[in-house]
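User: Please take a close look at a single residue of this model and at its surroundings. I would then like to see how that site relates to the rest of the chain.

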Amino acid sequence: MSQFLKFDRADVTPEQDRPAPERVLDGDPQFTTWLLETSPDEKTYAGYWAATPGTWRVSYDEWEYCTLLEGLAIVTEDGRPPVTLTPGDHIVFRAGYQGQWQVIEPVLKTFVIILP
């Protein structure tokens, strides 16, 4: 495996998913993930993720760095004010984050996830 990874989803087969029904608060959000890399120990992941409009609850066990490339979303950590995300925003979700994602306009982001 190379020690270098260029983010390019052209040759990656995307996976389709959606949040568990009990987590959905509004709409019918659907996810598309282009997984570019998984570390041998399966604790680090990198790729692209897209979501259609809707609102759902999230709970992060992992640390995630991401950059929003397209769309408009609002993330709200429990007990904190909402944060609007627009293209070009770089964000980190730390392990233990709980709250919700609300996608207003379809989003596309890059991500790097590190599991504990």
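Analyst: Thr110 touches Phe7, Gly47, Tyr48, Tyr65, Cys66, Thr67 and Leu69, not counting residues up to four places away in sequence; contact here means heavy atoms within 4.5 Å. The model is predicted, so local features need pLDDT of at least 70 and side-chain atom pairs count only at pLDDT 80 or more, whereas totals for chains, interfaces and linings use all residues. Residues are numbered from 1 along each chain as its sequence is written, and side-chain values use heavy atoms, with hydrogens and water left out.

Thr110 lies in strand β9; strands (E, at least two residues) and helices (H or I, at least four) are DSSP runs numbered from the N terminus. With a relative accessible area of 14%, Thr110 is buried, a term that means under 20% relative accessible area, with exposed over 50% and partly exposed in between (1.4 Å probe, protein chains only).

Val107 provides a further view of the surroundings. Leaving aside neighbours within four places in sequence, Val107 is in contact with Trp49, Ala50, Ala51, Leu68, Glu70, Gly71, Leu72 and Ala73. A second, separate core of five residues includes Trp34, Leu36, Tyr48 and Ala50. A nonpolar core is a set of buried Ala, Val, Leu, Ile, Met, Phe, Trp, Tyr and Cys residues joined through side-chain atoms within 4.5 Å.

The largest nonpolar core has 19 residues, of which Trp49, Ala51, Trp56, Phe93, Trp101 and Val107 touch the most other members. Two or more residues of this core come from each of β4 (44-51), β5 (54-59), β6 (63-77), β8 (90-93) and β9 (98-114). The most come from β9, which gives five residues. In soluble globular proteins, nonpolar side chains tend to be buried together.

Buried residues make up 35% of the 116 residues. Among contacts with a separation of 6 or more, 66% join residues 24 or more positions apart. Along the principal axes, the C-alpha atoms fill a box of roughly 40 × 30 × 30 Å.
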